[in-house]
Amino acid sequence: MPNPTHAISINPATGEQIGSYPYDSEADLHAVLDRATAAYARWRGTTVADRCAMLKRLGDALRADIDRLAGMITAEMGKPITQARGEIEKCAGTCAWYAENGGRMMAPEPTSVEKDAAWIEFRPLGTILAVMPWNFPIWQVIRSVVPALVAGNTYILKHAPNVMGSAYLLREVFARAGFPDDVFQVANLTNDLVSQAIADDRVAAITLTGSVRAGAAIGSQSGLALKKCVLELGGSDPFIVLPDADLDDAVRAAILGRFQNTGQVCAAAKRFIVHRDVADAFTERFVAGTKALVVGTPTDAATYIGPMARFDLRDELHNQVQRSIQEGAELLLGGRKQDGPGNFYEPTVLANVTSAMTSFREEMFGPVASIIRADDADHALALANESQFGLTATVYSGDVQAARDMAAKLEVGGVFINGYSASDPRVAFGGVKKSGFGRELSHFGVREFCNVQTVWLGRR
């Protein structure tokens, strides 16, 4: 049994323990908070140009250490190595983009108020506590920490217990990039200490990426402490295919989008809502394409689907699949745990799914796709919105204006027309409903953790 005093890292491809990291004590937490507070007093006094220059060096340092970083991701959570390397490249590119554009995001915004002068300034808030997940161990942190640092905040990372090796390795990269001491810190905290940190006056705001349950807990504690929080939670994103869509392109995007990172992506399409006129053709091609994906050891560059990151989550996913079948879903492919020491689950396709079934109502966080038939475009829209989640959605159609009209009615934070969901530093990312609130990336991500301060001159 894992030692409750330590965070344990298990290689999901082999089932072997590869790391054990002692949890911080209450005294450790107070020391981290004291250091973050002192660092904030210095960091907020730096110029935005200096902060951006450091971010440029951070991007360079990430690329220089891509082999170790990607290797750690693959070892700790099973991401196929090609995708792990892509994660680090994306992180480095994000650092470079903010280094180039951070200055204009923090520039004062003048406004005209009658005959008086007034302008808006963007000031930092203080120390940000970040509770991050395991599915993108470096990217989730970078997309959160970089905008916070541009704004002049300091940052404490509480990472998922199974990827603490990635957390500590990232801390090394920050140090090599020349960041001042304690601007970025890692704290290996139990849930009780996370609660203490949220309530502590030395923490200014909280950001979390995780489950709905975790979001409800963090959100309620943040509210009790009257602190700003950003929550990026789960998703059961719809992928709508209309009869005039380029079907080959839609199928290709559907497969790659669903099974990337072994299906462990909050914003991945999970419910494929297909117009009845093309449902049979879509399903046939989707199943054939899924069968062609390479499932194997994540260290092999040819692998597209590796092991799931945690054994308990594979059990949960299998239970969801079995319940869906019992409720009437048709199993077209997969539906089994693979034999052997690794945490592999067969790529699975469920058809004839309805809104009453588990695979429609719950987030399926693994390599499982659900295909739902829609009678027409209005029915497809209604099915898409019939969800507790609202992260992203995809619409495939030959009529771009019709797709844009549908996008306006989709209850989600992001819509992708003729392309599958992704995140990019140039555009905001986040959800509505139980997918959370607040935005990451772009200038919205910078300003989420700013004091938006109005300054008047000569107001009478």
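Predicted model: local features only at pLDDT ≥ 70, side-chain atom pairs only at ≥ 80, totals over all residues.
User: Which helix gives the most to the lining of the largest cavity?

Analyst: Let's start with the lining itself, where Arg143, Ser144, Pro147 and Ala148 are among the residues. Two elements give two or more residues to this lining, namely helix H5 (139-150) and helix H15 (442-448). With four residues, the one that gives the most is H5.

User: How many charged residues are in the lining of the second largest cavity?

Analyst: Good one to check by eye. The lining includes Asp237, Arg271, Glu411 and Lys433. Strand S10 (237-241), helix H13 (377-385) and strand S15 (389-390) each supply at least two of the lining residues. By class, this lining has four nonpolar residues, three polar ones and, as charged residues, four.

User: Which element gives the most to the lining of the largest pocket?

Analyst: About 1600 Å³ of space lies in this pocket, and 49 residues line it, with Trp134, Ser211, Ala214, Arg310 and Leu313 nearest its centre. Among the elements that each supply at least two lining residues are strand S1 (6-11), helix H7 (191-199) and helix H11 (311-326). The element that gives the most, with seven residues, is H11.

User: How many nonpolar residues are in the lining of the second largest pocket?

Analyst: This pocket holds about 470 Å³ of space. Of its 35 lining residues, Lys90, Phe136, Gln260, Val265 and Ala422 are the closest to its centre. H4, H5, S10, helix H9 (247-259) and strand S16 (392-396) each supply at least two residues of the lining. The lining divides into seven charged, eleven polar and, as nonpolar residues, 17.

User: How many nonpolar residues are in the contact of H3 with H4?

Analyst: H3 brings residues including Ile66, Leu69 and Ile73, which meet H4 residues such as Ile81, Ala84 and Ile88. By class, this contact has four charged residues, two polar ones and, as nonpolar residues, seven.

Key
Residues numbered from 1 in each chain as written. Heavy atoms only, no water. Contact = heavy atoms within 4.5 Å. Nonpolar A, V, L, I, M, F, W, Y, C, P; charged D, E, K, R; others polar. 1 Å grid on protein atoms, 1.4 Å probe; cavity = no way out; pocket = protein on both sides within 12 Å on 5 of 7 lines; lining within 4 Å. Points joined across faces, edges and corners; volume = space filled by probe spheres on them.
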